[in-house]
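The following questions and answers concern the terms applied to this structure. Each answer sets a value against its definition.

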Amino acid sequence: MKIVIDSNRIIAAIIRDSTTRQILLNKKFEFIAPSYVFSEITKYKDYITRKVSINSEEFDTLLSLIFENINIIKASEYDNFIKKLKNEVSDSKDIPYLAVAVFTEAKGIWTHDIHFKEQNKIEIFANMDMLKLIKEKN
């Protein structure tokens, strides 16, 4: 099942070995994200490394392991959808995720960002919803 993953779920998976990380590592999902996700996450690198007491190299290693489970979609592939969707959510940083979801015909977006609930183009999943999807697939 194809799911777009928001940067807040990736950051949560880096910070703590939790339900979020377990969901992210679940092979039942095909996680995808816009290439923009890298800049969003690295913007918080210093904060994350301090919060979890890891060094830069450990951060890079953990990020690399997490991204083994995420397919990155190049901006050139979903660019045409950006203009069409720019008014769907109030936070412009969310538009690439929505564009990737529409472009790839993903089942939904896994996020805890409330801005995505402003739109009605694609389904939004929180952790509880993802756990229900895992249960349904068994």
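Buried means under 20% relative accessible area, exposed over 50%, and partly exposed in between, with a 1.4 Å probe and protein chains only. The model is predicted: local features need pLDDT of at least 70, side-chain atom pairs count only at pLDDT 80 or more, and totals for chains, interfaces and linings use all residues. Residues are numbered from 1 along each chain as its sequence is written, and side-chain values use heavy atoms, with hydrogens and water left out.

Q: Why is D60 called partly exposed?
A: The relative accessible area of D60 is 39%, which lies between the limits of 20% and 50%; D60 is therefore partly exposed.

Q: What makes the pair K45 and D60 a salt bridge?
A: A salt bridge requires a side-chain nitrogen of Lys or Arg within 4 Å of a carboxyl oxygen of Asp or Glu. The closest N and O atoms of K45 and D60 are 3.0 Å apart, so the pair qualifies. It links distant parts of the chain, 15 residues apart: K45 belongs to helix α4 (residues 45–52) and D60 to helix α5 (residues 56–67). Helices are DSSP runs of H or I, at least four residues, numbered from the N terminus.

Q: Why is K45 called buried?
A: K45 has a relative accessible area of 19%, which is under 20%; K45 is therefore buried.

Q: Why does W110 count as buried?
A: The relative accessibility of W110 is 0%, and the limit is under 20%, so W110 counts as buried.

Key
Helices (H or I, at least four residues) and strands (E, at least two) are DSSP runs, numbered from the N terminus.
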